[in-house]
Amino acid sequence: MNGPFRLLLPLGVAIVLLAAIFRAAPRAPRRRLRRSVLLFVLYALILVATQGLEFVGGKSPVSSGFEFGASVLEVLLIINLAALALFDLLLHLARWDYPDIVHDLSVGAAYLVAAGWLMHRSGVNITSIVATSAVVTAVIGLSLQATLGNVVGGLALQVDDSIHEGDWIELESKVQGQVKQIRWRHTVIETRDWDTLIVPNSQLLTQTIKVLGKRGGEPTGHRMWVYFSVDFRFAPGQVVKLVNEALQSAPITNMLPEPKAHCICYDFAKEHKDSFAYYAVRYWLSDLASDDPTSSLVRERIYAALRRAQIPLALPAATVFVSQDDPDHAERKKGRERTFRREALDSVVLFARLSEQEKNHLADTVRTAPFSAGEVVTRQGATAHWLYILTKGETEVRVASSDGEERKVAELKAPSFFGEMALMTGEPREATVNAKSDIECLRVDKDDFKGLLARRPEIAQEMSTILAQRRVELMAVRENLDADAKKRKMVTERGRILESIRDFFGLSNGA
Ligand code: CMP
């Protein structure tokens, strides 16, 4: 093919080839391929129109205009196809995540050179245009000042590498968001409130920007503060210790394990008005999009830990509660609580042989112990002499086998109980029990039990049977025991456990 049509076929073949390669590489971006196809169709139409005009009326200024248009489209198409092959295929396959602006600038520069070349080919003297258009340039320069400032800003942001797409930043206006795109003129920032900010690049360059959660060589982690107050009846040392234990006992979603979350007491009564001390938990957030949900999980942990220790969150000193607290009302309230506790105790087979009076006594001594989802309630190997009656929620019992791997051995749903081994024998916890949901427990301590066992030592025998059943269950998981082996173990374990209970509670052997 000759004349103006000479590049039609090669360009068509190039587009088909590129389209085929794009099909084979499905993740390559296709939006610019579509633009090239459109340009090609337009180019072909104009070529046909030029030929048509020349065929009908010979060469005319109109047909020359069409021909010039076709050569402009031809050059545009060549530049676009080259950019497609380089940026959208080669660099994409080489996984170089180039910013959009690099593509736009390269293509823009190629357009300028092509425009110069086309003008030169049509006999326009570019040097004289450049020399004589100083005034025009100045006028255009002034009117485009703001736009140019943004473009240069965009370039600077790309080149100095200070902000990247994906970074979380805080602007001087205190608005926080994630950088989604750095474009020619502006930067697109998405906030947690589902809004999009379009910030002109020149503005970004002239303000101090906080890049959140970034420190050289460290994983992303932004320090967060969660505040609470506890009144002066409770020593800051005690509050700090128990909140630290609760925070560090089990991981919390989206919280970095290091630096560790911790609690500080950061102030006493402000302006001599309050009757409480101010505390804060500081933790490092790994996914900056989930700030509030993670702080909420932290508050759940704090709340459960304080309630377990019977420490209420502080109330403003001026709060006045008016309640109808006559003796009858108080008695009814106490009665309801005792019934609830009695029902919980009744659900524990371990206490089945206790008399009504003994159960009532126990109901008065147990204490409430809530845990939030994910918390470790007992940890394998820990020394703790109490048992939990699960009154609400679910837990998971896990045990580390000899190869060090933790396996689930049971799930307990309320009403249930756990931690009886350590309570009765004084031995370290045999398994780790995690709260699967928010749970409520009643805690029975060794001291609550001591007097009872001293009065009725025969209870120890029955308890040893129940304890042996659970222990053999655990052994079966750890050591792969068959039914016969389990039976044999049951006999030896029952004897051993009974011995341990007697030792631990100081009971005589005849009991
Ligand atoms: P303790 O050893 O004090 O602490 C961990 C607790 O997990 C343990 O007491 C039991 O209460 C509980 N536990 C261990 N094995 C099982 C099991 N197989 N089924 C139910 N609970 C168990």
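View 1. The model shown here is predicted. In total, 16 residues surround the ligand. The closest are G419, E420, A422, R429 and E430. By type, the shell divides into 9 nonpolar, 2 polar and 5 charged residues.

View 2. Taken alone, the ligand exposes 450 Å², and the protein buries 96% of that.

**View 3. F232 and F268 form an edge-to-face aromatic pair.** A search of the whole structure finds 12 aromatic pairs. In the pair of F232 and F268, the ring centres lie 5.8 Å apart, with 70° between the planes. The pair links distant parts of the chain, 36 residues apart. F232 lies in the loop between β6 (222–231) and α9 (236–249). F268 lies in the loop between β7 (262–267) and β8 (276–285). F232 has 43% relative accessibility, so it counts as partly exposed. F268, at 47%, is partly exposed as well.

**View 4. F371 and Y388 form an edge-to-face aromatic pair.** The centre-to-centre distance is 5.7 Å, and the angle between the planes is 85°. F371 belongs to strand β9 (residues 367–371) and Y388 to strand β11 (residues 386–392), so the pair ties together parts 17 residues apart in sequence. Both F371 and Y388 are buried.

**View 5. Five aromatic residues join in a cluster.** Its members are W225, Y227, Y266, F276 and Y278. Ring pairs provide the links.

**View 6. Two positions show a charged side chain over an aromatic ring.** R443 lies over the face of W386, 3.7 Å from the ring centre. The charged end of K446 sits over the ring of F505, at 5.5 Å from its centre.

**View 7. The peptide bonds from E258 to P259 and from A414 to P415 are cis.** Most peptide bonds are trans. For the bond from E258 to P259, omega is near -10°. P259 lies in the loop between α9 and β7. For the bond from A414 to P415, omega is near 0°. P415 is placed in the loop between β13 and β14 (416–418).

**View 8. N254 and N480 have positive phi values.** Most residues other than glycine have a negative phi. Phi of N254 is near 70°. N254 lies in the loop between α9 and β7. Its relative accessible area is 25%, so N254 counts as partly exposed. Phi of N480 is about 55°. N480 lies in the loop between α15 and α16 (483–505). With 70% relative accessibility, N480 is exposed.

Terms used: Residues are numbered from 1 along each chain as its sequence is written. This is a predicted model: local features need pLDDT of at least 70, side-chain atom pairs count only at pLDDT 80 or more; totals for chains, interfaces and linings use all residues. Side-chain values use heavy atoms; hydrogens and water are left out. A residue is near a molecule or strand if one of its heavy atoms lies within 4 Å of it. Accessible areas come from the Shrake-Rupley method with a 1.4 Å probe; for residues, only the protein chains shown count as cover. Ala, Val, Leu, Ile, Met, Phe, Trp, Tyr, Cys and Pro count as nonpolar, Asp, Glu, Lys and Arg as charged, and the others, Gly among them, as polar. Rings of Phe, Tyr and Trp (its six-membered ring) pair if their centres lie within 6.5 Å; planes under 30 degrees apart count as stacked, over 60 as edge-to-face and the rest as tilted. Helices (H or I, at least four residues) and strands (E, at least two) are DSSP runs, numbered from the N terminus. Buried means under 20% relative accessible area, exposed over 50%, partly exposed in between (1.4 Å probe, protein chains only). A charge sits over a ring if NZ of Lys or CZ of Arg is within 6 Å of the ring centre and within 35 degrees of the ring normal.
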